[in-house]
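My entries follow the order in which I looked things up.

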Amino acid sequence: MTNPVETSQANQTADLSELPDDVILRVSHLVKEFPITKGVFYKKQVGAVKAVSDISFEVKKGQTLGLVGESGCGKSTTARALLRLLEPTSGDVWFRSDTLGTVVNVATANKSQLRDVREDLQIVFQDPYASLNPRMTVASIISEPLTVHDEGDKKSRIDQVKALLKVVGLQPEHANRYPHEFSGGQRQRIGIARALALNPSFVVLDEPVSALDVSIQAQVLNLLDDLQDEYNLTYLFIAHDLSVVRHISDRVAVMYLGRMVEIADNEQLYDEPMHPYTHALLSAVPIPDPTIEVGRERILLEGDIPSPANPPTGCRFHTRCPIAVEGKCDVDEPQLEELAPNHWVACFYPEVKDVF
């Protein structure tokens, strides 16, 4: 794997050869900050919420990268920034676009390029109740991307809507119904059908099952697996449920307070975690073996997550870390380093495991 903190090219578009053939997306030094202002008539910036702070990672074609972390760590902001639903403060998002036939820096693309790139980049939102317009029929919702990008005529769009409904496990006659007539799982399937309408190559799944019942979660996850195989899709799967991420992901990236702390292959991260924060997250995942579960000790992190408006100096995790060393962890900020093949960790003392 290429060094995830390597500086990317400065130009807006690049030849395909500048990304490895198996890489579809490379995020380099992405930053997203939200200004804090005060004043009624004359707004003055007095600070910033550092939601995403200099993160880098890449996603390979046809694979799923799971992005995990506690609520508020910056997962959804990362997804929206790399899609330009939120304007990044700085950084690069290199994407291999089939529509444009080149590698595009989404973070700096002009309106024309961004419009074309969005045929390849789609998102499924977390809340199936809020992400569908209640005044539009299912046919209008799913065909809207086709209309916006001027794909086909009215009849072909309706035919494609019915075909997409079948693909996601719904009936063609559902096309004339409204969102309120469906359950949560069915609404999420409608959202997935909308995301697939333009035949994208990369789909961001922003906690797509967190608002669903457990039994429905399994159905949607299996559907996503089947669609990935059938359409050769690449996923960025965002979640805070590590058992769900383990089921669907090829690689896993762990975030804490706007920073990447560990990136590794699925089994490697779950079997041999190196960062103390990853250890703590995994200790909270139930094991379906009563004998092992009874004797297992939870790692309870002390204190609350610091405010992203005023993050700690040095390692951002040191205020809650059981192995933090005073004078080192609270002063210097660790960078991602490859401590094992394809296993990147941002920690000064990953070898200390006695406390886990």
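**Helix packing and rings**

I began with H3 and H5, where I found that Val-138, Ile-141, Ile-142 and Pro-145 in H3 meet Ile-190, Ala-193 and Arg-194 in H5; contact here means heavy atoms within 4.5 Å, and helices are DSSP runs (H or I, at least four residues) numbered from the N terminus. I noted that this is a predicted model, in which local features need pLDDT of at least 70 and side-chain atom pairs count only at pLDDT 80 or more, while totals for chains, interfaces and linings use all residues. Residues are numbered from 1 along each chain as its sequence is written, and side-chain values use heavy atoms, with hydrogens and water left out.

By class, I sorted the contact of H3 with H5 into six nonpolar, no polar and one charged residues, counting Ala, Val, Leu, Ile, Met, Phe, Trp, Tyr, Cys and Pro as nonpolar, Asp, Glu, Lys and Arg as charged, and the others, Gly among them, as polar.

I then looked up the geometry and found H3 and H5 packed at an angle of about 30°, with their axes 7 Å apart; axes are lines fitted to C-alpha atoms over the stretch in contact, and angles run from 0 to 180 degrees between N-to-C directions. H3 and H5 are therefore roughly parallel to each other, a term for angles under 35 degrees.

Next I turned to helix H5 (residues 184-196) and helix H6 (residues 214-231), which pack at an angle of about 20° with their axes 10 Å apart. I recorded that the contact involves Gly-185, Arg-189, Ile-192 and Leu-196 of H5, and that the H6 side includes Ile-216, Gln-219 and Val-220. The contact of H5 with H6 has seven nonpolar, two polar and one charged residues.

For helix H3 (residues 138-148) and helix H4 (residues 154-167) I read an angle of about 115°, with the axes 9 Å apart. I found that the residues of this H3 and H4 contact divide into eight nonpolar, three polar and one charged.

Last, I looked at the rings, and counted four aromatic pairs in the structure, a pair being rings of Phe, Tyr and Trp (its six-membered ring) with centres within 6.5 Å. Ring pairs link Tyr-256, Tyr-277 and Phe-317 into a cluster. I also saw the charged end of Lys-32 over the ring of Phe-34, 4.9 Å from its centre, where "over" requires NZ of Lys or CZ of Arg within 6 Å of the ring centre and within 35 degrees of the ring normal.

Key:
Rings of Phe, Tyr and Trp (its six-membered ring) pair if their centres lie within 6.5 Å; planes under 30 degrees apart count as stacked, over 60 as edge-to-face and the rest as tilted. Helices (H or I, at least four residues) and strands (E, at least two) are DSSP runs, numbered from the N terminus. Angles under 35 degrees count as roughly parallel, over 145 as roughly antiparallel, 65 to 115 as roughly perpendicular and the rest as oblique.
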